[in-house]
Amino acid sequence: MDLLTAVITLPFVFVFGACIGSFLNVVIYRLPEGLSLIHPPSRCPHCGHRLGKTENVPVLGWLWLRGRCRWCRAPISMRYPLVEGVTGLLFCFVFWQYQFTLATLAYWVLISWLVALSMIDFDTMTLPGVLTKSGLVLGLIFQGVMGWQVAQTPEYLMTGVVSAVLGIWLFDLIGLGGTLVLGQQALGGGDSKLAAMLGAWLGWKYLLVTSFLACLVGSIFGMGGMILGFIDRRHPFPFGPFLALGAMLSLFWGETMISTYIRLFFPVS
Ligand SMILES: [Zn+2]
């Protein structure tokens with residue numbers, strides 16, 4: 001992408017992503033509670049005051065109110081603008097890499113699912129099946145359409161299905177291994193469903209990169225947390241955010257990581 005196109009398009013992409021992030025905030029809070037995602041409109045959780053148009057503007061609304069409700073002055077969590085800002089940035093990354101293609105649209109969907117799943121797992125230690133299952137189906141549709149667009153072949157779809165099954169097996173196995181080592185349940189059932197969803201979206205190669213990164217960063221975080229004392233051995237921490245992080249790293253730098261790995265371990269002599 002040349003600089004001029006980037007300067008013109010990226011601000012729009014960021015604002016669009018932040019608006020999606022604003023809706024994801026609603027999903028993150030309401031879906032685990034079983035509440036409607038559409039009705040009622042956003043309110044202050046403290047006093048119930050309905051948010052006006054200006055207060056609902058992603059990121060800026062929060063900054064303008066200096067993080068407080070206009071009516072009752074109760075503090076509004078910084079998570080709202082953070083989720084909006086991060087979603088906006090991730091949308092920009094995807095657009096930067098895939099530009100005006102079907103892949104951009106598809107990966108925006110994937111990013112949205114991953115942001116919602118990560119935050120819900122962080123809050124509730126569960127990955128709702130309604131999100132992992134719909135994500136899996138969307139991933140397979142994406143592979144089907146991509147296969148058709150590239151070469152009128154069902155090969156992509158087949159790879160997606162096989163990779164999804166691999167994801168379930170792999171994470172049931174990792175979970176079993178972790179349970180044996182830790183002497184307690186290491187992974188929730190939702191983790192293997194999320195892995196299946198990522199397999200469908202990314203294919204088995206990137207699924208393996210994703211799993212490796214998630215386990216690596218997750219265990220560094222877990223050990224560091226235990227040493228520093230903010231994680232208790234008996235209280236597990238959510239693994240979904242690490243899988244999501246691994247998936248995003250694979251999406252943006254997967255090719256670089258795989259080729260570096262091959263160069264390091266299988267040098268051409
Ligand atoms: Zn209020």
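**Note on helix packing in a predicted model**

1. Start with helix H1 and helix H4. Val 13, Phe 16, Ile 20, Leu 24, Val 27 and Ile 28 of H1 meet Trp 108, Ser 112, Val 115, Ala 116, Met 119, Ile 120 and Asp 123 of H4. Contact means heavy atoms within 4.5 Å. By class, this contact has 11 nonpolar, one polar and one charged residues. (Ala, Val, Leu, Ile, Met, Phe, Trp, Tyr, Cys and Pro count as nonpolar; Asp, Glu, Lys and Arg as charged; the others, Gly among them, as polar.)

2. A word on the source. This is a predicted model, where local features need pLDDT of at least 70 and side-chain atom pairs count only at pLDDT 80 or more, while totals for chains, interfaces and linings use all residues. Residues are numbered from 1 along each chain as its sequence is written, and side-chain values use heavy atoms, leaving out hydrogens and water.

3. Now the geometry of that pair. The axes of H1 (residues 3-30) and H4 come within 10 Å and cross at roughly 35 degrees. Axes are lines fitted to C-alpha atoms, for helices over the stretch in contact, and angles run from 0 to 180 degrees between N-to-C directions. Helices are DSSP runs (H or I, at least four residues), numbered from the N terminus. The crossing is right-handed (the near helix is turned clockwise from the far one by less than a right angle; anticlockwise is left-handed).

4. Compare H3 (residues 79-98) and H8 (residues 240-265). They pack at about 30 degrees, with axes 11 Å apart. H3 and H8 are therefore roughly parallel (angles under 35 degrees). H3 passes H8 in a left-handed crossing. Leu 90, Phe 93, Val 94, Gln 97 and Tyr 98 of H3 make the contact with Met 248, Leu 251 and Phe 252 of H8. Seven of these residues are nonpolar, one is polar and none is charged.

5. Helix H5 (residues 129-151) passes a length check. At 1.5 Å a residue, its 23 residues should span 33 Å, and its end C-alpha atoms are 33 Å apart, which agrees. The expected span is 1.5 Å times one less than the number of residues.

6. Among the buried residues of H5 are Leu 131, Gly 135, Phe 142 and Met 146. Buried means under 20% relative accessible area (1.4 Å probe, protein chains only). Their cover includes helices H4 (102-124), H6 (155-182) and H7 (189-228). Just after H5, Gln 152 takes a positive phi of about 45 degrees.

7. Last, Ser 192 in helix H7. At 7% relative accessibility, Ser 192 counts as buried. Leaving aside neighbours within four places in sequence, Ser 192 is in contact with Gly 167, Ile 168, Phe 171 and Asp 172.

Terms used:
Helices (H or I, at least four residues) and strands (E, at least two) are DSSP runs, numbered from the N terminus. Angles under 35 degrees count as roughly parallel, over 145 as roughly antiparallel, 65 to 115 as roughly perpendicular and the rest as oblique. Buried means under 20% relative accessible area, exposed over 50%, partly exposed in between (1.4 Å probe, protein chains only).
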